[in-house]
Amino acid sequence: HQVLRIKTRNEEEVKQLQLLESLEHLELDFWINPSTAALPVDVRIPANNVQAVKAFLESHGIEYSILIEDLQVVLDKEKEDMAYGQQRERSSNSFNYGVYHTLDAIYAQLDHLASEYSNIVTKLQIGQSYEKRPLYVLKFSTGGSNRPAIWLDAGIHSREWVTQASAIWIAKKIASDYGNDPSVTSLLNKMDIFLLTVSNPDGYVFTHTTNRMWRKTRSKNPGSVCVGVDPNRNWDAGFGGPGASSSPCSDSYRGPSANSEVEVRSVVNFIKNHGNIQAFLTLHSYSQLLMYPYGYKCTQPADYAELDALGRAAARSIRSLYGTTFTVGTICTTIYQASGGSIDWSYDYGIKYSFAFELRDTGNYGFVLPASQIIPTAEETWLGLKKIMEHVRDNPY
Amino acid sequence: DIDDVGHKYYLELELEDVLDKDSTVNCTAEVLYHLGNKNIAPDVQFTLEGEPKNTDEADNIFYNRIKNLEKELVAENIPDSHGNVPPEMEPIRLLAWVASGYVIWQNSTENTKLQLAQIKHVKQVKRSDEYLEFDYMILLHDTVSQEIIPWQMTVLWHPQHGVQVTQDSRQPKHASG
């Protein structure tokens, strides 16, 4: 395909080009449309029509030059450059934490962090998604054997992009703070941290390729044209109760049974096999909420007083940075009754410190939070998480 | 609770200018949710204590820019996937936000919470009078069901006459994605 730049000298020539524009069979793609003689007209012409168009222009005495001789060559070079750029990014690590990344880019960065901070960071695979993508967890540990640990996950709902983005920033923060920040250092000297940056990789890829607003997994539902299960209605906690749908087409479809989703099952198995998880923290967006159990029932958990106080302390830490306010409370009283949620499961399983965060904003941009807010969101969220982690460190049970 | 009528809420609010966080106006409001019939929008009465910032200059700049476009404005995905909004599209986004507020009000009950999620498509419609008209396809996020609901709305605007939604209709969702 060629791209021509046509220099029109008068209105008459502009009209000729507009005539050309109307000939649909030529499949002309005007990059600058003919409108006024003052502006050049740039047009991409499919290979098989190039000669015909040039003949038309020449016969009308219309001046043109070749802007791009062969578009394919330009596109191939661009692809090469992008791949090279990515390579460079990988070796010098100019990973930009302030933009949203593809799954591949995030996964590459997990490897990079594990390599750059190999003394404390290792990458584990805890399972595979429905479409067979690996589920990678970063383990932050200074040694010991099966130390008490903190679990943190993000992106269980794929459209909540600020959560995966914050998680990778937090990974870097934890790794680089060890040995520099007294609190993180003492935390990792006693406990391990497990961080699942992308809990729902199939959904995340789908939000990049097809539907930015996709929430669920991508599992097929037998007998239905509708795809996917809401992974945060699929946990074994009040499963089948109010606040989850039994319809596969619903965005809050609970699934055919608890743990039907491999993404959920993989985490459950990991937690159970580990046996020493002390806190279960999960990131969502949006609404700016900090919640503890329960969601499947509207009664307070036994540890209500402690969880509420800790939640409020964490919210104060978050607010201290940029003034962002989080509302604290049980899931049921703060948003709605919802069954099959992850922190209800973890709490009933015995993990006392179970919290769910809903990050920025409160609806102005919602899911499509501007990338410029990623780092501020990650920074303030980290302060809240740190407050909770410090409490967990200092209150073994 | 008002027997046989519905539930009334008395609210004291602080309104904050989205474009200028330091500019706030206090507001008192009464909202009445009607019993039973889901097809009646809640009644809203409100009083502003003071006045919001004057936006005449910015309104007129935007109005004239659109009026002077050679071709009718067309745009998609505002914000885009990364939350970006080209500066010249920001007023288009804000207009949709205001207009969607009307649509949301008309479709709200005590148990709903709808928010504007994204503008999928907007097309300016040529008019011979002084109004600007935009045909929007928006996505509403239903925070309770978590559904994303496509909605069409036709919006009229004029700097002195304000915003009007002349037509709106809920659109069917696509099945697989």
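## The interface between chains A and B

Let's start where the two chains meet: between chain A and chain B there are 0 salt bridges, a salt bridge being a side-chain nitrogen of Lys or Arg within 4 Å of a carboxyl oxygen of Asp or Glu. The count of residue pairs in polar contact between chain A and chain B is 12, with both residues at pLDDT 80 or more. A polar contact here is a pair of N or O atoms within 3.5 Å; within protein, one must be able to donate a hydrogen and the other to accept it, and residues adjacent in sequence count only if both atoms are side-chain atoms. On the side of chain A that touches chain B, the residues divide into 17 nonpolar, 7 polar and 6 charged. In that scheme Ala, Val, Leu, Ile, Met, Phe, Trp, Tyr, Cys and Pro are nonpolar, Asp, Glu, Lys and Arg are charged, and the others, Gly among them, are polar.

In terms of contact (heavy atoms within 4.5 Å), 30 residues of chain A meet 27 residues of chain B. The two chains bury about 2,100 Å² between them, with 49% of that on carbon and sulfur atoms. In chain A, the residues that lose the most area to chain B are A:Met213, A:Asn364 and A:Tyr365, together 23% of what that side buries. Buried area means the accessible area (1.4 Å probe) that two parts lose on being put together, summed over both.

## About the model

Please keep in mind that this is a predicted model, in which local features need pLDDT of at least 70, side-chain atom pairs count only at pLDDT 80 or more, and totals for chains, interfaces and linings use all residues. Residues are numbered from 1 along each chain as its sequence is written, chains are lettered from A and ligands numbered from 1 in the order in which they are written, and side-chain values use heavy atoms, with hydrogens and water left out.

## Chain A

An unreviewed UniProt entry places the feature "domain: Peptidase M14" at residues 99–392 of chain A; UniProt positions are given in the numbering used here, feature names are shortened, and annotations may be inferred rather than shown by experiment. Over residues 99–392, chain A is 38% helix and 17% strand, and the end C-alpha atoms lie 31 Å apart. Helices (H or I, at least four residues) and strands (E, at least two) are DSSP runs, numbered from the N terminus.

A search of the whole structure finds 23 salt bridges over all chains. One pair is A:Arg5 with A:Asp42, whose closest N and O atoms are 2.7 Å apart. This pair links distant parts of the chain, with A:Arg5 in strand β1 (residues 2–7) and A:Asp42 in strand β3 (residues 41–45) of chain A, 37 residues apart.

## Chain B

Chain B has 2 helices and 8 strands, and along the sequence these follow the pattern β-β-β-α-β-α-β-β-β-β. Its C-alpha atoms fill a box of roughly 55 × 50 × 35 Å, taken along the principal axes. The domain assignment gives domain 1 (1–53) and domain 2 (54–176) of chain B, and 22 Å separate their centres, taken over C-alpha atoms.

Between these two domains of chain B, 11 residues of domain 1 are in contact with 9 residues of domain 2. Together the domains bury about 900 Å², 61% of it on carbon and sulfur atoms. In domain 1 of chain B, B:Tyr33, B:Ala41 and B:Lys53 lose the most area to domain 2, together 42% of what that side buries. Across this interface of chain B the rule finds 0 salt bridges and 4 residue pairs in polar contact, both residues at pLDDT 80 or more. The side of domain 1 of chain B that touches domain 2 consists of 8 nonpolar, 1 polar and 2 charged residues.

## Backbone features to look at

Most residues other than glycine have a negative phi, and most peptide bonds are trans. A cis peptide bond joins A:Ser285 and A:Tyr286, with omega about 0°; A:Tyr286 is found in the loop between β9 (277–285) and β10 (289–292) of chain A. Chain B has a cis peptide bond joining B:Ile78 and B:Pro79, with omega about -5°, and B:Pro79 sits in the loop between β4 (74–78) and α2 (90–106) of chain B.

A:Asn259 has a phi near 65°, a positive value in a residue other than glycine. You can find A:Asn259 in the loop between α7 (201–209) and α8 (262–274) of chain A.

Terms used:
Domains from an automatic or database assignment.
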